[in-house]
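I opened the notebook today to look up salt bridges, and I wanted to record each pair together with its surroundings.

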Amino acid sequence: MSDTAPEPQPGTGTVPEEQERGREREHDPAAPAPLGVPRTPTGNAEADVLLDRLADADHLATDGHVEVYEDVHRGLRDALTALDARPGPPAPPASHEHRS
């Protein structure tokens with residue numbers, strides 16, 4: 001074992017240990033990576049915006065996915081609830097005649 005620092009590799013200006021750390025950073029299995037799940041447009045602008053938000057999870061560590069998923073779920077639930085609250089077509093008039 002030597003007390004001297006390793007010599008830089010020719011043409012790189014870095015020592016082998018620094019090169020190894022650089023390779024580890026390039027391929028870090030724990031780093032966020034896109035899932036590559038396709039998101040097909042629904043045709044509903046509000047739903048499509050919410051579904052596009054799922055792409056935000058691609059850039060977060062796994063523990064950050066829950067917040068994105070819950071946000072999208074909440075938005076979709078609210079959009080569906082709003083559809084239920086819209087007035088529908090008028091009901092047909094009630095007939096008060098009784099036939100025997």
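I began with Asp71 and Arg53, whose side chains meet in a salt bridge at 2.6 Å, N to O; the term stands for a side-chain nitrogen of Lys or Arg within 4 Å of a carboxyl oxygen of Asp or Glu. Asp71 lies in helix α3 (residues 65-85) and Arg53 in the loop between α2 (45-52) and α3, so the pair ties together parts that are 18 residues apart in sequence. Helices here are DSSP runs of H or I with at least four residues, numbered from the N terminus.

I noted that this is a predicted model, in which local features need pLDDT of at least 70 and side-chain atom pairs count only at pLDDT 80 or more, while totals for chains, interfaces and linings use all residues. Residues are numbered from 1 along each chain as its sequence is written, and side-chain values use heavy atoms, with hydrogens and water left out.

Next I looked up the other partner of Arg53, and found a salt bridge with Asp56 at 2.7 Å, N to O.

I then turned to Arg74, which forms a salt bridge with Asp71, the closest N and O atoms being 3.4 Å apart. Both residues lie in helix α3, three residues apart, about one turn of the helix.

Are these residues buried or exposed? Arg53 is partly exposed at 25% relative accessibility, a class between buried (under 20% relative accessible area) and exposed (over 50%), with a 1.4 Å probe and protein chains only. Asp71 is partly exposed at 26%, Asp56 at 35% and Arg74 at 39%.

Methods. Helix = DSSP H or I, 4+ residues; strand = E, 2+ residues; numbered from the N terminus.
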